[in-house]
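Have a look at the structure first, then read on.

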Amino acid sequence: MSHLSIFEYKDYKEFILSWINRGPLKGRGLRKQLADAIGCQTAFITHVLAGPHHFSLEQAEACARWMQLTESESEFLLLLVMRKRAGSKGLEKVFQKQISQKREEHSVLKKRVNISDTLSLEDQATYYSSWHFAAIHIALLNPALQSLDNLQRYFQLPAGTLQSTLEFLLSRGLIKMERGNYKVLKPALHLEVSSPLVTHHHTQWRLKSIEASSKKNIENLHYSGVISLSQDDFEWVREKLSQLLKDVVDRLANSPDEKLACLNFDWFQI
């Protein structure tokens, strides 16, 4: 069954129904299996999922085990159940705050895309000082751009800038020279969200995005829009984009290196 992220949902019943409906034969027989797993009748499952009643915490925990959710997913399911079962607005707000925190923790990009390699603080200051360090670094994954001449033709940078960038990447073990061509050793680096360089890093690539949009290339996609929405939906969009980014990274992990592109996600409160 394809992956379904519980962190996109604000109602545990909607998540369970979606999970069941995505099963083989549109989930036929899964309600009976769920009933057996939590120790109740199939009619009770339908009664809960389609009505105002709720699973107990024990039933929800058994449901999470039956669905083979991860520890963090199971905890999130229980929080959704506890929010629905809360007997006062105050208690509901307590659980809602915990739900929001769990969503935020889950959407941290370093954790989602599994990037572990980092540079020293001094080297970060150099690497993120200009867009061309990352651009040249990643461009070297493309066999057609692994020679000095081809890099020069592609980027049209001053020869001294290109040479000093390659020397930096070589000296930090990010690339290597092999048979006259440059090859990448470490393709993915992560910059902590708390780093003072983050704003500068994002700004550089958004300026490149503005530059690209002015060229009106129909292959590119640019969108900007101001939206008014609920807090729940704001968190849903953040989770949706985080999941999309993970899906993109997973797909591109084995993608042939043929084009050099830049992806910017801009989703923020005003």
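C63 sits at 0% relative accessibility, so it counts as buried (buried means under 20% relative accessible area, exposed over 50%, partly exposed in between, with a 1.4 Å probe and protein chains only). Keep in mind that this is a predicted model: local features need pLDDT of at least 70 and side-chain atom pairs count only at pLDDT 80 or more, while totals for chains, interfaces and linings use all residues. Residues are numbered from 1 along each chain as its sequence is written, and side-chain values use heavy atoms, with hydrogens and water left out.

**Cysteines**
- C40 counts as buried too, because its relative accessibility is 16%.
- Searching the whole structure turns up zero disulfides (a disulfide is a pair of cysteine sulfur atoms within 2.5 Å).
- For C40, the nearest cysteine sulfur belongs to C63 and is 9.8 Å away.

**Nonpolar cores**
- The largest nonpolar core has 33 residues, and F15 and I16 have the most contacts inside it (such a core is a set of buried Ala, Val, Leu, Ile, Met, Phe, Trp, Tyr and Cys residues joined through side-chain atoms within 4.5 Å).
- A second, separate core has 26 residues, including A135 and L162.

**A62**
- A62 lies in helix α4 (helices are DSSP runs of H or I, at least four residues, numbered from the N terminus).
- With 8% relative accessibility, A62 counts as buried.
- The C-alpha atoms of A62 and A37 are 6.6 Å apart, though 25 residues separate them along the chain.
- Neighbours within four places in sequence aside, A62 is in contact with A37 and I38 (contact means heavy atoms within 4.5 Å).

Definitions and conventions
Helix = DSSP H or I, 4+ residues; strand = E, 2+ residues; numbered from the N terminus.
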